[in-house]
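Have the structure open and follow along.

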Amino acid sequence: MYKQHWSTQHVVRVREMPDAWTAEQVPPRQPTQRGRRWASQRGADIARYLSQRSPAGGWRDRHPWADGYLGTKQPWRSKMQSLCSLPIVRYQEPQEEDGLEDMTQLEDLQEAAVLSNIRTRFERQLIYTYIGSILVSVNPYRLYNIYGTEQVLQYEGRALGENPPHLFAIANVAYSKVMDAKHNQCIIISGESGSGKTEATKLILRYLAAVSQKRSTAPQILEATPLLESFGNAKTVRNDNSSRFGKFVEIFLEDGLICGAITSQYLLEKSRVVFQAKSERNYHIFYEMLAGLPTQQRQRYCLQGAETYYYLNQGGNCEIPGKDDAEDFRRLLNTMEVLSFSVEEQNSIFRILSSVLHPTSTSKNTRYPKGSQAALLGPDSGCGGGGHCIPLPHRVPQTDCQEVATVVSATEIRTVAELLQVSPEGLQKAITFKVTETLREKIFTPLTVESAVDARDAIAKTLYSLLFGWLTDRINKLVYPRQEALSIAILDIYGFEDLNFNSFEQLCINYANEYLQFFFNKIVFQEEQEEYLREQIEWKEIPFSDNQPCIDLISQKPYGILRILDDQSCFPQATDHTFLQKCHYHHGMNPLYTKPKMPLPEFTIKHYAGKVTYQVHKFLDKNYDQVRQDVLDLFISSRTKVVANLFFGHAQVMARQRSLVRRSSTRTRRYKAPTVAARFQQSLLDLVEKMERCNPFFVRCLKPNNKKEPGLFEADVVSSQLRYSGILETIRIRKEGFPIRIPFLVFIDRYRCLVDMWSNVIPNGANCVEMLRNLCPVSPSMYYVGVSKLFLKEQLYQALESKRARAHHLAALTLQRYARTFFIKRRFRSLRRKIVLLQSRARGYLARQRYRRMRHTLIKFRSLVHIYVNRRRYLKRKEDARRRADEEKERMKQELTRREVVDVTHLEIPAELMGLLEAAAAAREVNAGCVVLVPPPALQPDSQLTLPLDINNYPMAKYVRGHFQEPAFGMLTAPLAAPLTRLDEELCHEALGLFQLVGGTAQDPAPRSPARSLPRAGGRTSLSPWQILRFMGDPGLGGPQETLFGNYIVQKGLSAPGLRDELLAQAANQVWRNTNVNNEERGWLLLAACLSAFPPSAAFDKYLLKFVSDYAFAGYKPVCQRKLMHAMARSQLGAAAARAYPPSLLEWTANRKQASMALDLHCFNGDQFSCPVHSWSTGEDLAGDVLKYRYPPDQHPPTQQGEHGAV
């Protein structure tokens, strides 16, 4: 891309920044992106800068680009100027007693010096400190007034280092790099639980939303955060607002403005729904709902105080000092309104939450003591006097009794069933019975008390986790980006945890933190030192703590701890004890793994942050975590839409997983649902893959103390965090190394705006160093020249970026000043001319126009009304005509399609017939108007047709047995091996020849050409039943093509008298027991056409007449009877046995409509008659009928003797 440089008017090449730039490159936003706000927001900075100019020379002497406009070009080395007059403008100069803002400037890189610097700044209420571009944040356990609009404007568009360390500075750097480098960014926030990661995430989101106020999506993204906090955060012993799920938020930017967001959640701690340790709480939403719901709604959901529910009172304290649950619930309702949650959806959410609590209600009306889980379940018989109380899920049962569990509180069951809109009996069975499905039946096995409690807890955890996933998906659908865009991702994942009781969740959480620490080491240490080796820089490798062995211990195949857990979860007989023994067997000699000295169900792992002991109780149950099929079916049938959709979506996910397993497996095997550990490992790998595609920034959060007290700094607590997080090594590599690596060409192109230089400078190390030395005072230790890149210290790079930003800022102001002056002057001159002209003509023009407007207004209005009405009428008529035409076409199409019984379109058609059909399709119907519907004529001949008296003696079955080659009669859909009737050998060969030609069967090894001329009368021809089948079933036949095809078949009968009975027999065979009404109607139409042209033989005529009389299709019975009896009468009179030509258009039309025919007769004297005719009428018959009508029997017609006889 080529641009015209604004100072020297030279064409320079501006290139995109290559991927070789690392996370420490921090290009500021371009002035054009924020030029509209410079004049108002940064005028004070510009004035301060102008007031700081040296009095030794004028502005032109010190201006970096002033000489570029004057004189001739000189060699660039002699023309290069220093820009030391452009200072790095800081928000405030750091005081010595405040400590160092960037710890890479420490002279002594010992732990004590780093700790002292952090402590000094913490005591001065400065909680942020840099390590190059890495931000260290210390949680103050209080809110400082440093996150307002003033701070947003202070850090917006500024380079890193221009202002004191702040979260907004990191957010602005990521934002600027997205806009400048066009590459996705990622901010990784890490630290222990309670170190302030969640608050840091919210502040970064707040900053990004503040700089994107023009889009309506930003407020919705901000409102989604408190909603997810209420449902995903809880109080722990280390943090009053601990995130109990991992969150990866991707903020998508389009032209610098937020256009959408996607939130991914990882491993919600479902066990917290049913168990909390001492001094901990369940998720905030339960307490907020109970405290904030109005009395009427609490009664509707049958809710009581939080202390009455076992799921909420295990920690011993249901309140958090300083937190108003009722007020937070009101804010939550407002958040749901902003996120477009309907009232029905909100009620469904509260129903689900209430149903989770009710099974553990311990109100005063029940007979169980407070703190017991047995509010809903109990054994059939007493168990040592205290058998009604079921042990806690996380405690070992006190007795070995295995009484069958029963429901002792039917009211609670009915309440829960009513809330979830499910069957109470089904819910009771789901809690107290285990369902085993066999091939023939379902076996219900009663559960023990402990198993029933586990079943109840499993339902509660499933309900809550599915609800949380639905909320996340619901928010994502609302703020999902409409198109692909660049993004800034923020990772807020659970911190490292070492609690009094560490279970499966803590193992997964700490494994995730191990992986993030490995990712940090890879970016900061491994890749950076490899870059030094590639660029041949003298470098002494800095050792760092590599935690890859710990990751392998937990997850490496085949014997990692999580891999062993997955294997054990597949065995029905496996227990937590067998899992622990396998871990001891495979890892007992691993230095990072420690077995307990006493035979306790636990093991210890040495993490990067220290040793953690894990209790294996219920490891397998938490890892399996599958919803039983009977529970799934129960809740899918819920009448509450949200509940049914939750479980239906879960069932669909399980079905997709089963299909993927079957599709990927080459042999049949039993489906095994993925475990929680397997899903978590896969999601963690996907997360790391996403972050590797982004440019990462790191925020390391620290806890000043374990007591959550503001202002208290415990040195040993902070020191341990500094050691295991690798901050000391990070400071050392950032201080001794060169975190900024810029290719030579990119360096010259980027900073040529600060000097007056030629555009064709050779991009090498010497020119870059010369340019750098003229830009600012540097020492050899601040840079290093590599093979293809220039390596810079962070401080030097920030100084260069600050100067470049200031230069761009002043250039933009200059351009704005001159542009505004030009536009204002041009506008003034234009306005002055227009005003003078307007004043001279306005009065006269307005006076004339007013009258004209008044006169024409009514006319125009009336015209518009008429046009509108007429156009609406025209469009309506046009639309009606088009609709009727479409309906008629659709009706005809459906009519043709309904005739098809089998697919006959693949059958071949003789070439000559195909040519005739194509000609008929292309030709215009010229005789369509010659056949019209008329009333019955007055001339009616005497009908003397009667059925033979012995007609009942000629059933069709008798003829089939006597004359058919095989005694089978009925519709055929498969090829014939031989004709139906007995024919001469020559006729059989001819009859089957065309079938073999069309069908291509094995009986004809050498098929002949399909081209065959139309048969002539008296010649031999061939007939295929497939022609009849095609005529009856082809949906494409209609109109002239149908008539032509039918006449082609009739002509074959006219040409070969020996095939006439065969043709009539095949037509009768195809209409017998035909299941398709339209197909049968087409067959009777063909039979009527054949009877119009030739009669059956004397041996067949009465059988056919009997068949027609008994089984003719509705309306075709009289038609076929008359035609057949007329033909039989003609044969008895000794007349010609057949006609010479096939039926005419009039006959086809009359046969289709089952109507009689009439002809208009014109006499020489001018008389005109409408005379009835039939297919076997002759001219003599017609003349006789006319004479009988004109001259009754008592009159004689006049005669005239002429040359040719009487007339």
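Helix 29 (residues 765-775) lies across strand 20 and strand 21, and its direction runs at about 160° to that of strand 20. Bear in mind that this is a predicted model.

What order do the strands of the open sheet take? They go 19-21-20, three strands with antiparallel pairing. Strand 19 and strand 20 stand at the edges with a single partner strand each, so one side of each has no neighbour in the sheet. From one strand to the next, the twist averages 20°. Helix 28 (residues 744-751) also packs on this sheet, where it touches strand 19, strand 20 and strand 21. The direction of helix 28 makes about 90° with that of strand 19.

Here's how the two pairings look side by side:

| Strand | Pairs with | Sense | Bridges |
|---|---|---|---|
| Strand 19 (residues 740-743) | Strand 21 | antiparallel | four bridges |
| Strand 20 (residues 783-785) | Strand 21 | antiparallel | three bridges |

Now zoom in on strand 21. L790 is the bridge partner of I742, and L790 is also the bridge partner of V785. Next along, F791 in strand 21 stands opposite R741. A hairpin of three residues takes the chain from strand 20 to strand 21.

Are the residues on the two faces of strand 21 (residues 789-792) buried or exposed? Both faces are covered: K789 and F791 are buried on one side, and L790 and L792 are buried on the other.

Stepping back to the whole protein, you've got 41 helices and 25 strands. Of its 1207 residues, 51% count as buried. If you take contacts between residues at least 6 apart in sequence, 72% of them join residues at least 24 apart. The accessible surface comes to about 60,600 Å², and carbon and sulfur atoms account for 53% of that.

One spot on that surface is worth a click. L858, F861, V865, Y868 and V869 form a nonpolar patch there, and together they have about 500 Å² of accessible area. F861 is found in helix 30 (residues 794-897). Why does F861 count as exposed? Its relative accessibility is 54%, and exposed means over 50%.

Conventions:
Residues numbered from 1 in each chain as written. Predicted model: local features only at pLDDT ≥ 70, side-chain atom pairs only at ≥ 80, totals over all residues. Heavy atoms only, no water. Buried < 20%, exposed > 50% of the residue type's maximum accessible area, 1.4 Å probe, protein only. Pairing = 2+ DSSP bridges. Contact = heavy atoms within 4.5 Å. Areas by Shrake-Rupley, 256 points an atom, 1.4 Å probe, with all protein chains shown as cover. Patch = residues over 30% accessible without salt bridge, like charges linked within 9 Å, V, L, I, M, F, W, Y side chains within 5 Å. Salt bridge = Lys/Arg side-chain N within 4 Å of Asp/Glu carboxyl O. Axes fitted to C-alpha atoms, helices over the stretch in contact; angles between N-to-C directions.
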